[in-house]
Amino acid sequence: MADIAKMIEEIKGMTVLELNSLVKAIEEEFGVSAAAVAVAGPAAAAEAAPAEEKTEFNVVLKDIGAKKLEVIKVVREVTGLGLVEAKKLVESLGTVKENVPKEEAEKMVAKIKESGATVVME
């Protein structure tokens with residue numbers, strides 16, 4: 001197999017006219033159209049690319065557990081909410097925080113679970 005890096009370096013050094021001639025020669029030699037490849041390229045690349053790993057999560061409270069006051073304290077700590085807002089959030093079993101980076105979300109989940117609540121990353 002040819003050295004691809006070497007070929008790319010040669011292509012980088014070509015003028016626009018030389019590149020145009022190269023494309024035409026490849027089209028004739030292999031019976032393909034560069035325009036068709038350019039149109040199919042992004043779609044084909046998207047299909048071939050592995051699914052992106054999710055980087056941001058929502059931290060959602062599912063169950064308060066037996067220590068409601070402790071859960072409220074921890075929720076206040078991780079969100080920066082006031083007492084009344086944190087209490088409402090805990091009682092509503094809603095989303096504690098949205099679009100949190102993975103590492104931060106994992107820390108929040110661990111801290112809230114320590115207080116006795118059931119919490120998940122979505």
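**Chat on salt bridges and the sheet**

Me: Where do E103 and K107 lie?
Reply: E103 and K107 are both in helix α6, four residues apart, which is about one turn of the helix. This is a predicted model.

Me: What do their side chains form?
Reply: A salt bridge joins E103 and K107, at 3.7 Å from N to O.

Me: Is E103 buried or exposed?
Reply: E103 counts as exposed, at 55% relative accessibility. K107 also counts as exposed, at 56%.

Me: Which residues do salt bridges with shared partners join into one network?
Reply: K68, K87 and E91.

Me: How many salt bridges does the count come to?
Reply: Seven. One of them is between K12 and E9, with N and O 3.4 Å apart.

Me: Where do K12 and E9 lie?
Reply: Both sit in helix α1, residues 4-12, and they are three residues apart, about one turn of the helix. K12 and E9 are both exposed.

Me: What about K111, which residue does it form a salt bridge with?
Reply: With E77; the closest N and O atoms are 2.4 Å apart. K111 belongs to helix α6 and E77 to helix α4 (residues 68-79), so this pair ties together parts that are 34 residues apart in sequence.

Me: Is K111 buried, exposed or partly exposed?
Reply: Partly exposed, with a relative accessible area of 34%. E77 has 52% and is exposed.

Me: Changing topic. What order do the strands take in the sheet?
Reply: The order is β2-β1-β3, in an open sheet of three strands with antiparallel pairing. β2 (95-101) and β3 (118-121) are the edge strands, each pairing on one side only. On average, neighbouring strands are turned by 20° against each other, direction ignored.

Me: Which helix packs on the sheet?
Reply: Helix α6, residues 102-114, which touches β1, β2 and β3. The direction of α6 makes about 150° with that of β2.

Me: How many bridges join β1 to β2?
Reply: Four, with β1 covering residues 56-63 and the two strands running antiparallel.

Me: Now the whole chain. How many helices and strands does it have?
Reply: Six helices and three strands. From the N terminus on, they run α-α-α-β-α-α-β-α-β.

Me: What share of the residues count as buried?
Reply: 20% of the 122 residues. The accessible surface comes to about 8900 Å², and 58% of that belongs to carbon and sulfur atoms.

Me: And contacts between residues at least 6 apart, what share join residues at least 24 apart?
Reply: 65% of those contacts.

How values were computed
Residues numbered from 1 in each chain as written. Predicted model: local features only at pLDDT ≥ 70, side-chain atom pairs only at ≥ 80, totals over all residues. Heavy atoms only, no water. Buried < 20%, exposed > 50% of the residue type's maximum accessible area, 1.4 Å probe, protein only. Contact = heavy atoms within 4.5 Å. Areas by Shrake-Rupley, 256 points an atom, 1.4 Å probe, with all protein chains shown as cover. Pairing = 2+ DSSP bridges. Axes fitted to C-alpha atoms, helices over the stretch in contact; angles between N-to-C directions. Salt bridge = Lys/Arg side-chain N within 4 Å of Asp/Glu carboxyl O.
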